[in-house]
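Here are my notes on the model you sent.

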Amino acid sequence: FRENKIKTAIVTARYRNTTDLIVKQTGLDKLIDKVIAGDDFPQGKPHPRPFIEAAKKLGVLPKDCLVVGDGCADIVGGNAAGSKTCRALYGYGARQECSVKADFEVSEITEVAAIVLSSNG
């Protein structure tokens, strides 16, 4: 994504102090442009506000974003924000039932790049 000047953000339900620690220890701080943590706003996922704020901090419109998540809250919140959504079938929340359909589904994280790059070109 960096090579193609595609901005990225994390929107998580985790608290800021835990999130910052994980992002730094995993090296994601060098790959992710912005992070929205669960305690940054009174409304957390599945409310659309964290996703809207992530887009705003990236300097893009929510309609130009792809929200990728393994949980129903990601898909519900992303849809409500006006973004395209992608359900990750391999994550922690992937077994959770969701009545809301995502625009895309992926079995591996590498599939996300193909979706993003095909719609960005």
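1. Start with Lys30 and Asp29. Their side chains form a salt bridge, with N and O 3.8 Å apart. This is a predicted model, so read the distance as computed from predicted coordinates. Lys30 is exposed, at 61% relative accessibility. Asp29 is partly exposed, at 35%.

2. How many salt bridges does the structure hold? There are eight. The Lys30–Asp29 pair is one of them.

3. Asp74 and Lys45 meet in a salt bridge at 2.6 Å, N to O. Asp74 sits in helix 3 and Lys45 in the loop between strand 2 and helix 2, so the bridge ties together parts 29 residues apart in sequence. Is Asp74 buried or exposed? Asp74 counts as buried because its relative accessibility is 8%, under the 20% cut-off. Lys45 is partly exposed, with 27%.

4. Arg16 pairs with Asp40, and the closest N and O atoms are 2.5 Å apart.

5. Now the largest pocket. Its volume is about 1800 Å³. The lining counts 48 residues, and Ala9, Ile10, Leu66, Val67 and Val68 lie nearest the centre. Elements giving two or more residues to this lining include strand 1 (9-11), strand 3, helix 3 (72-81) and strand 4 (84-88). Helix 4 (110-120) is also among them. Which element gives the largest share of the lining? Helix 4 does, with seven residues.

6. Last, Pro62. This residue is in the loop between helix 2 (49-58) and strand 3 (66-69). Pro62 is buried because its relative accessible area is 17%, under the 20% cut-off. Leaving out residues up to four places away in sequence, Pro62 touches Ile52, Ala55, Ala81, Gly82 and Ser83. Take Gly82: this residue is 20 residues from Pro62 along the chain, yet their C-alpha atoms are 5.8 Å apart.

Note on methods: Residues numbered from 1 in each chain as written. Predicted model: local features only at pLDDT ≥ 70, side-chain atom pairs only at ≥ 80, totals over all residues. Heavy atoms only, no water. Helix = DSSP H or I, 4+ residues; strand = E, 2+ residues; numbered from the N terminus. Buried < 20%, exposed > 50% of the residue type's maximum accessible area, 1.4 Å probe, protein only. Contact = heavy atoms within 4.5 Å. 1 Å grid on protein atoms, 1.4 Å probe; cavity = no way out; pocket = protein on both sides within 12 Å on 5 of 7 lines; lining within 4 Å. Points joined across faces, edges and corners; volume = space filled by probe spheres on them. Salt bridge = Lys/Arg side-chain N within 4 Å of Asp/Glu carboxyl O.
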